[in-house]
Amino acid sequence: MKACIFDLDGVLVDTAKYHFIAWKRLANELGVDFTEHDNEQLKGLSRDASLDYILVKASIIATTSEREVWKERKNNWYLDLVNQMPEDEVLPNCKELLAELKKHNIKIALGSASKNAKLILDRVNITQYFDAIIDGSKTSKSKPDPEVFLLGAKEIACQPEECIVFEDAISGLKAAKSGGFFAIGIGEEEVLTEADIVFPNLLTLNYEQLLKIFRGE
Ligand code: G6P
Ligand code: MG
C-alpha cells in the first residue's frame, strides 16, 4: 500500500447533501421529481452527466445555452450552501486519518469529479495533505470511467494495485475497480456492492487496519 486516493463529496466532506438540495431544486423547477434514489445515481457523476440524467427524467431536449444556464443556476445554489459550511463539516476522523497516513509516508491524492474541489478542500482546511489533486477540471471522462483515479495514481507515481480508493458512489466504485484499484466503499453495504469492503464512514479507519485490509489479512 503506497497511496490512498480519496473521492471528496460524501467521503471527506459532507457536501453530498448540498448537491442533493441543489439538484432537487433544479429538477423541481424543470417540473420533475428528484428522489434520494435519483441522488444515489448522480453521486460521482460530473455536472454535465448529472444534468443529462435530470433532463432525460424530465423528457426535456435542451439547447446548449439552456444547459449552461441550468448548470450555473444549480452550481450557484450549491455554492451558496457550501460557502455557509463551517470548517468542522469535514467528516469525523478525516483529518486524523490523513495526518496518520502522511506520517507513514503514504501518498495522498484526490480523485473527484467536482470542479469546486479545490475551493472545498481550502474551506475545510485539508489542502495541505494532498500530494495530487485531480478534479473535474483535469478530467474529460466522468466516473465510472477510471480516468480520474488513473491520473491521480500517475501524478503520485504509483500503480493502481498499490493504491486504495475511497468512494461513496456506485459510479466511483465501478471506476476504481475497472482501473485495477482496491476499493473501499463509504456508505451502505447493500448499495455499494462493487466495493472490496464497505465502512459506514471514516470513523473507525486507521493506518494499521488499512494495511491489513489491503493485504487481505
Ligand atoms: C462529485 C459529486 C457529484 C457532483 C460532481 C460534480 O462527484 O459526487 O454529485 O455532481 O462531483 O461536482 P461540481 O462541484 O463540479 O458540480
Ligand atoms: Mg462522492
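**Pockets, cavity and ligand**

Mentor: Let's start with the largest pocket, which holds about 380 Å³ of space. This is a predicted model, where local features need pLDDT of at least 70 and side-chain atom pairs need 80 or more, while totals for chains, interfaces and linings use all residues. Residues count from 1 along each chain as its sequence is written, chains are lettered from A and ligands numbered from 1 in the order written, and side-chain values use heavy atoms, leaving out hydrogens and water.

On a 1 Å grid over the protein atoms alone, a pocket is an open set of points with protein on both sides within 12 Å along at least five of seven lines, a cavity is a set where a 1.4 Å probe fits but cannot get out, and lining residues have an atom within 4 Å of a point. Points join across faces, edges and corners, and a volume is the space filled by probe spheres set on them.

The largest pocket has 21 lining residues, with E40, K43, D168, I186 and G187 nearest its centre. Two helices, α1 and α2, each give two or more residues to that lining (helices are DSSP runs of H or I, at least four residues, numbered from the N terminus).

The second largest pocket holds about 250 Å³. It has 14 lining residues, and S46, R47, A113, K115 and G136 are closest to its centre.

The largest cavity holds about 310 Å³. Among its 22 lining residues, D9, H19, L42, G44 and L45 are closest to the centre. Helices α1, α2 (36–42), α3 and α4 (64–82) each give two or more residues to this lining, and α1 has the largest share, three.

What takes up the largest cavity? Ligand 1 does (a molecule sits in a cavity if more than half of its atoms lie within 2 Å of its grid points). Around the ligand are 13 residues, of which G44, R47, S114, K115 and N116 come nearest (near means a heavy atom within 4 Å). Both α1 (16–29) and α3 (47–57) supply at least two residues of that shell.

Polar contacts are pairs of N or O atoms within 3.5 Å. Ligand oxygen atoms lie 2.6 Å from a side-chain N or O of S114, 2.7 Å from one of N116, and 3.1 Å from a backbone N or O of L45. The protein covers 97% of the 390 Å² of accessible area that ligand 1 has on its own (Shrake-Rupley method, 1.4 Å probe).

Notes:
A polar contact is a pair of N or O atoms within 3.5 Å; within protein, one must be able to donate a hydrogen and the other to accept it, and residues adjacent in sequence count only if both atoms are side-chain atoms.
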